Amino acid sequence: MIQTGSGSIEETVRAVLRDVLGLSDERAAAFDDDTPLFGALPELDSMAVAGVLTEIEDRLGILIEDDDIDGDTLESFGSLVAFARAKVPA
């Protein structure tokens, strides 16, 4: 697994969702690859998406372009982690 300065990409994405959406530690810790996000997580509305993506950019030191994002990116926790992992330089 690719490591960032503050831990794994998965841990970073989990922390972003917890912090930006105000989720409890327990709720965020329970996310697995199949946990649905956008459309299933009430806290993750269209306004919150921008905050989540901006925070992922900041914490991972990546740039996310508008055309990088599609319906599948935020479909599940696993798809968001895979997206972030693909953006981080090897």
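Predicted model: local features only at pLDDT ≥ 70, side-chain atom pairs only at ≥ 80, totals over all residues.

Student: Which order of helices and strands does the chain follow along the sequence?

Tutor: The chain holds four helices and two strands, and they run in the pattern β-β-α-α-α-α. The radius of gyration is 12 Å, close to the 12 Å that the globule rule gives for 90 residues, so the chain is as compact as a globular protein of that length. Along the principal axes, the C-alpha atoms fill a box of roughly 35 × 30 × 20 Å.

Student: What share of the residues counts as buried?

Tutor: A residue is called buried when its relative accessible area is under 20%. By that criterion, 41% of the 90 residues are buried. The accessible surface comes to about 5000 Å², and carbon and sulfur atoms account for 50% of that surface.

Student: How many positive and negative side chains are there?

Tutor: There are 6 positive and 20 negative side chains, and the centres of the two sets lie 6 Å apart.

Student: How is a pair of aromatic rings described, and which rings pair here?

Tutor: A pair of aromatic rings is described by the distance of the centres and the angle of the planes. The structure has one such pair. In it, the ring centres of Phe 31 and Phe 77 are 5.7 Å apart and the planes stand at 50°, so the pair is tilted; the tilted class lies between the stacked limit of 30 degrees and the edge-to-face limit of 60. Phe 31 belongs to the loop between helix 2 (25-29) and helix 3 (46-60), while Phe 77 belongs to helix 4 (residues 77-87), so the pair ties together parts that are 46 residues apart in sequence.

Student: Are Phe 31 and Phe 77 buried or exposed?

Tutor: Both are buried. Phe 77 is also one of the buried residues of helix 4, with Gly 78, Leu 80, Val 81, Phe 83 and Ala 84. The buried residues of helix 4 pack against helix 1 and helix 3.

Student: Where is Ser 76 placed, and which residues does Ser 76 contact beyond its neighbours in sequence?

Tutor: Ser 76 sits in the loop between helix 3 and helix 4. Once neighbours within four places in sequence are set aside, the contacts of Ser 76 are Asp 33, Asp 34, Thr 35, Pro 36 and Leu 37.

Student: Why is Ser 76 classed as buried?

Tutor: Ser 76 is classed as buried because its relative accessible area is 14%, and the cut-off is under 20%.

Student: What may be said of Ala 15?

Tutor: Ala 15 lies in helix 1 (residues 9-21) and is buried, with a relative accessible area of 14%. Ala 15 and Ala 28 are 13 residues apart in sequence, with a C-alpha to C-alpha distance of 7.6 Å.

Methods: Residues numbered from 1 in each chain as written. Heavy atoms only, no water. Rg over C-alpha atoms; globule rule 2.2 N^0.38 Å. Buried < 20%, exposed > 50% of the residue type's maximum accessible area, 1.4 Å probe, protein only. Areas by Shrake-Rupley, 256 points an atom, 1.4 Å probe, with all protein chains shown as cover. Lys, Arg positive; Asp, Glu negative; His and termini not counted. Charge placed at Lys NZ, Arg CZ, Asp CG, Glu CD. Phe/Tyr/Trp six-rings, centres within 6.5 Å; stacked < 30°, edge-to-face > 60°. Contact = heavy atoms within 4.5 Å.
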